[in-house]
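Reader: I would like a close look at one part of this model. Please keep it brisk, and define your terms as you go.

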Amino acid sequence: MEAAPLHEVTQLLIAWRNGDRAAFDQLIPLVESDLRRLARVRLKGERRDHTLQPAALVNETYLRLINEKAVDWQDRAHFFAIASDRMRDILVDYARRRARAKRGGQTIRISLTDADHFASEPLPEIIAVDEALKTLTAADARQGRIVVLRYFGGLTEDEIAAVLNLSARTVRREWKSARAWLYSQLRAPVG
Amino acid sequence: MTPERWQHIKALYEEAAELSAAARSAWLVRLEAEDAALRREVEAMLAADQDSRFLDEPALAQTERAAETERRAALIGQRLGHYQVLSAIGAGGMGEIYLARDLQLEREVALKVLPAEFTTDAERVRRFAREAHAVSALNHPNIITIHEIGAVENIHYIVTEYVVGETLRQRLMAAPQQRLTAAAALELAVQIAAALVAAHEAGITHRDIKPENVMVRRDGIVKVLDFGLAKLTEPQALEATSNVAGLSTESGIVMGTPRYMSPEQARGERVDARTDIFSLGGLLYEMVAGCAPFVSATTGETIAAILRDEPLPLAQYATNSPGELERIISQALRKERADRYQTAAALLADLKELKQQLELQTRLGEAAFVVPPSGGASRQPSLQPQGGTTNVVTTNKDLIVLADFENKTGEAVFDGTLKQGLAMQLRQSPFLSLFPEERVRHTLRLMKLSPEECVTAKIAQEICLRHNLKAFIAGSIAPMGSHYVITLEALQGQTGWPLETEQVEAKSKEQVLRALSQAAARLRATLGESLSSIQQFDKELEETTTEKLEAFQAYALGYEQTLNGRLMDAIQLYRRAVELDPDFSYAWSMLSIHHSVFGRPGLAAEYAEKAYLLKERVSDYEQLQVTFRYHYNFTGDLHKALDAATLFKRIYPRTSTAPIDLLVAYDLLGRHEQAVAEGREAIQLNPNFAPAYFYLGRSLVRANRFAEAKDIFQQALAQKFDLTNIHAALYLIACAEGDAAGMQQQLDWAQGRPDEFVAFDWQAGAAACAGQGRKAQEFARRAIDAAARGNTQELAARFATEQALRGVLLEDYAQAEADALHGLQLARGRASLPRAALALALCGAAQQVKPLIDELSQRYPEDTVSNTIWLPTIRAALALQHGDAAQALEQLQPTSSYEAAAEFWPQTLRGQAYLQLGRGTEAAAEFQKILAQRGHAPLSPLYPLAHLGLARAATLTGATAQRRQAYEAFFVLWQEADADLPLLLAAQREFQPSLG
């Protein structure tokens, strides 16, 4: 699948801001395919000595948008929200399927063309974070958003601050307690 | 959890997180009293501080890591084609690498799986495979051998030899401060450059030289990986996209680290071999500095630095790195490729030169002395000619002529002795160089004088005039009561005016040599040699030669005969010298050289060892030569011989023997280009030294440059250097070129000479090469008998065992076995043992081979040729006889870098093994090598048989046209072969089965 040309995404964002609802419907699949493509490329892990970390790779897509002067803050925040959510869906879905495959103990044919076909260790942490995050978001939506942007979206604290129009200090404090709470949910000894 | 409760917990947590550990416990105890559940929750959150890595990594990266682990694990235990994947051994430049077992050949291999992104374009894969195979086929010791490039169910993989070692990256990571010493870095860089030279000569550019693509074996041998692979990973339209972004994620392909990219690569331009030179420069920089020359936080910035910045000076990282290294690196790292080294060979030459310099410094101890710069004049104040107005200065560019001593004593013992003594004394100076004796004699002939004419002061001056030399030395000895007075006079070459006179007195005849040494040392100083140089290279004659004047005289007279070309007489005199003084190293050395010339390598080795054991008693000049000869003739360790010769040449750059020593070692190591260069230098230094012509010509023959070789030989013959070896070489060339008249000319020359029997050996070789078994046998018989009668048993043994090998090839096994055993009876030496063993192995007489293998390895444990060629080849022959072709291939692995001295046997056996395994392409490659290198053994029957091998390989691969051509070429070469040769009949049946 080809990458969506950047200007197309930008134009859709502008159109959408100007009240074109249909533009948004077109935008989402474009962004989603872009993210899926990135995820696919990365998941195949074709190289280990790359200089670009995967998070940076994702960020690069984001940054391309951040630097688009034509799109205003509101739109970008919205975009990151959507993109991070999509990334969350993709990765959680992937982790669940891994877990199922493992449980089912099916023999999986080896193919290098599709990472989805691999027998795998489940990725329990991602699933558990996803679950716990629902509880946190119900209690504090903004804090939940920070976790999604950082953990699933791969944004840095400064970027999150810019996107959510908060101070970097606030983002750091909120992330710290959210992380601590998630830790208590995932790691604390039972009972 | 209600929002309110969460805000409460969060506030408590933030309060607690601020506290110190002690305060925190007290705080928690208070909270417990208030609300036990709340305390548990907050405490559990505080525990997160212990695990800073929790959630630190984004989910995508986590997933990626997990997927990668699985993917690697998934292949383990599986089979891909006939490879069983055993374990993951790392990730290379591209794709995962596994240790796997080749189930067909029963050996371990490295298997790299290529990511699917890079294998979708079949044409690209084909192009890559073609390049990779071409480079691998070069069989270069520093290029990894590719066994196969294949695909099973869309999984593309590359199978290579399994190298036990580490990548250069790993080595750097393990080194202190991630960097190596200049010497260690050069050691590796020289090998990488050598690999590039070979690949570039074959027209292939690596394009992705970086530490991850260089393996370093435990023994220090470097293997460069992934030639041509970069072609697969480059974006398709690299040439078209000239923007930097085109290299990163635009096309969905993340390029590798850009750190070692050349500017033209970074710009996305077309690249050529010079891109590898830039990358190697970067690599070398990193090895010494501990970090890459261009490195930045982001890909974009790194690329910008490559295009724009100059790297920091090396001295910033490694204070003691040699300035020359900095120069080499910066020349490799020029932004404009036209400003860089233009070839890897030029870079390699500079790297080697520097490496040798560093080694020399280490060995001699840096403080000891500084090698005089060639052509420079770092000397004591110049001397003033007495009574002259011109300032005559001898620099080390000038050659000095020695006149004969004027003997006014009437005592014969001084005749010839003192001149030779003075020559030996002056020869140890790296500063002064004597006009070679051979050139003196040549000039005498030009002057219509006898070459043995006494060189008076007048004649010496005339020689100076003819050759524009600046000085000559005339000496005399005169009686003074019971004492002797020795006078040495240095005179101006052009005018004959005296420059300097030294006079010393000897109280007795026994002290004459010592007095001569003192006079010579003083003369060296006044001629401009620095005192430190004289101190470093001044041993007195008496301690370096012999205390017995008679022994010295015998030696001096022997040397005279050597120069006159009367080698037999010379041997007698040297023999007398060692009888008079068994500790006379020089005389043993001369005996070694002479016996070597007479085809007695056993005696040559024995005497070389004797000379070597006495090496403390000779001058540095002689010591270097003695060391070379010891390794070349006695231990057979060619690398040590090469080291000794290199050092010799470095200290005495103007002696013509040093390049010849280097040449013979290079020749055996297959480094013909270097050998040729040394030969040319030797001739330049001393155009009247006959053996130099023979050796240079032989190197040219070995390099397949027959026309140039003939030219050199003709030059030698024109000078009346009528060496048998030169005629032998001319015979070989004529035979290889199918020039019957030329062959006859050499046979005519040999007729009636005392060593005429060697011509029988030539003819035996030519007959066997033409498939004439009976004729070969007859000539060989005559050669063997004559050599045995002539008291050259070793030569006879060599003839016999060579004939045994011919017999094997022509399938006369009974005769071959008899010849091999006969050869062993005549002499068991370096030449006969391995050939007999190989012949017997090929005859199927395995039980007789084992003791021969043991004898070879015990008697010549350090012999490079024996260890790397003969023993593996003999073992491979045994394996082939057992029908174990895979084992044979395995055995032959060590021979690959030494095949120049192997007379086509390893290539032939490897070709046979591949034929047995049905691997036609690889078999063809081996036979092609033989056909491309006829000069290595022009008379070997393995040459015509390589055509037959090629034909059979082509049958396997179905290359019809090539098959026909190869058979026809074979039949042409064997058109006069014995018609009943089974081999020939079989070939005819294969070619046209209908006639069979």
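Which residues of helix 25 of chain B are buried?

Author: First, the ground rules. This is a predicted model: local features need pLDDT of at least 70, side-chain atom pairs count only at pLDDT 80 or more, and totals for chains, interfaces and linings use all residues. Residues are numbered from 1 along each chain as its sequence is written, while chains are lettered from A and ligands numbered from 1 in the order in which they are written.

Now the helix. The buried residues are B:Leu638, B:Ala641, B:Leu642, B:Ala644, B:Ala645, B:Thr646, B:Leu647, B:Phe648, B:Lys649 and B:Ile651. Buried means that 20 or more other C-beta atoms lie within 10 Å of the residue's own; exposed means 12 or fewer, partly exposed is in between, and C-beta atoms are placed from the backbone. That makes 10 of the 14 residues, so helix 25 of chain B is mostly covered. For background, an α-helix has 3.6 residues a turn, so residues three or four places apart point the same way.

The length checks out. Helix 25 covers residues 638-651 of chain B. At 1.5 Å a residue, its 14 residues should span 20 Å, and the end C-alpha atoms are 20 Å apart, which agrees. The expected span is 1.5 Å times one less than the number of residues.

Next, the setting. Chain B has 44 helices and 15 strands. Helices (H or I, at least four residues) and strands (E, at least two) are DSSP runs, numbered from the N terminus. Of the 996 residues of chain B, 50% count as buried.

Strand 10 of chain B, residues 399-402, is buried too. B:Leu399 and B:Val401 point one way; B:Ile400 and B:Leu402 point the other. Strand 10 pairs in the parallel sense with strand 12 (residues 433-434) of chain B, over two bridges. Strands pair if DSSP finds at least two bridges between them. B:Ile400 stands opposite B:Leu434 of strand 12. Strand 10 also runs parallel to strand 13 (residues 471-480) of chain B, joined by three bridges. There, B:Leu402 has B:Ile473 as its bridge partner.

Finally, confidence. Chain B averages a pLDDT of 84, and 90% of the residues score at least 70. pLDDT is the predictor's confidence in each residue, from 0 to 100. The model scores ipTM 0.74 and pTM 0.52.
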